[in-house]
Amino acid sequence: MIVYRRQHTGDVLVKVLATGTFDLLHPGHIHYLSEAKKLGDKLYVIVARESMIRHKPKPIIPDEQRLEMVSSLKIVDKALLGSESDIFDPIMQIKPDIIALGYDQGFDARHLEKELRSRGFDCKVVRIETSLNCLLCGSGKIVKKVLERYQE
Ligand SMILES: Cc1cc2nc3c(=O)[nH]c(=O)nc-3n(C[C@H](O)[C@H](O)[C@H](O)COP(=O)(O)O)c2cc1C
Ligand SMILES: Nc1ncnc2c1ncn2[C@@H]1O[C@H](COP(=O)(O)OP(=O)(O)OP(=O)(O)O)[C@@H](O)[C@H]1O
């Protein structure tokens, strides 16, 4: 694994940013967040807004409740709800050193880095390549299973 962690110089800490919907928490989320945390010192998480999710079914759990669950995880230093209009707003607020994309997130790392640079912000974007292959690791998979169970 490439280590981006800077040597501690004084009180400089490396901020890592992770993102996602986190509708129904499962061990795949914990795997992703733990790998992201290893890249630095402080883990920030942006929880996606329901209004911004257009490429898959809307989450079951409301924004504030998903935020509460993610915030309560030991490995998460700070979680916040994303913007409802511009995904770059919270990034500029947090000013991460590293953005950690999930293994299946539909963002291109180099393109995102360029977009950030064009806004005057230098930040490394890396992908957590590994995924956890457990029986029910996916919010969509959990919803499907619940539906199957109660439609029997
Ligand atoms: C760097 C970055 C910043 C993001 N910022 C926001 C945001 O401010 N608001 C939001 O609703 N979603 C934001 N998202 C998107 C979500 O976190 C999520 O990745 C997206 O809805 C896709 O869902 P998926 O990861 O489940 O496929 C951001 C994603 C990335 C990679
Ligand atoms: N099994 C897994 N292993 C590793 N990372 C995962 C796994 N499942 C999700 N992730 C990562 O966790 C982050 C948040 O995932 P998110 O909640 O957006 O989707 P999900 O759990 O895959 O559910 P779905 O796509 O079905 O709604 C993403 O970066 C994603 O890549």
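**Figure 1. Shell of residues around ligand 2 in the predicted model.** Helix α1 makes the largest contribution to this shell, supplying 4 residues. A total of 19 residues surround ligand 2, and the closest are Gly20, Gly28, Gly102, Ser131 and Gly140. The elements that provide two or more residues are α1 and α5 (139-151). By class, the shell comprises 5 nonpolar, 11 polar and 3 charged residues.

**Figure 2. Shell of residues around ligand 1.** Of the 18 residues around this ligand, Thr19, Ala48, Met52, Gly82 and Ile87 come nearest. At least two residues of the shell are supplied by each of β1, α3 (88-94) and β4. The shell contains 10 nonpolar, 7 polar and 1 charged residues.

**Figure 3. Burial of helix α1 (residues 27-37).** The buried residues in this helix are Gly28, His29, Tyr32, Leu33, Glu35, Ala36 and Lys37. Their cover includes β1 (15-20), β2 (42-47) and β4 (98-101).

**Figure 4. Pairing of β1 with β2.** The two strands run parallel and are joined by 6 bridges. Gly20 stands opposite Val47 in β2. Together with α1, strands β1 and β2 make a right-handed β-α-β unit.

**Figure 5. Strand β2 and its pairing with β3.** Because 5 of its 6 residues are buried, β2 is largely enclosed by the rest of the structure. Strand β2 runs parallel to β3 (residues 78-81), with 4 bridges between them, and Ile46 stands opposite Leu80 in β3. From β2 the chain passes through helix α2 (residues 63-71) to β3 in a right-handed β-α-β crossover.

Note on methods. Residues are numbered from 1 along each chain as its sequence is written. Chains are lettered from A and ligands numbered from 1 in the order in which they are written. This is a predicted model: local features need pLDDT of at least 70, side-chain atom pairs count only at pLDDT 80 or more; totals for chains, interfaces and linings use all residues. A residue is buried if 20 or more other C-beta atoms lie within 10 Å of its own, exposed if 12 or fewer, and partly exposed in between; C-beta atoms are placed from the backbone. Two residues are in contact if their C-beta atoms, placed from the backbone, lie within 7 Å. A residue is near a molecule or strand if its C-beta atom, placed from the backbone, lies within 6 Å of it. Ala, Val, Leu, Ile, Met, Phe, Trp, Tyr, Cys and Pro count as nonpolar, Asp, Glu, Lys and Arg as charged, and the others, Gly among them, as polar. Two strands pair if DSSP finds at least two bridges between them. A crossover is right-handed if, with the strands pointing away from the viewer, the path from the first strand over the helix to the second runs clockwise.
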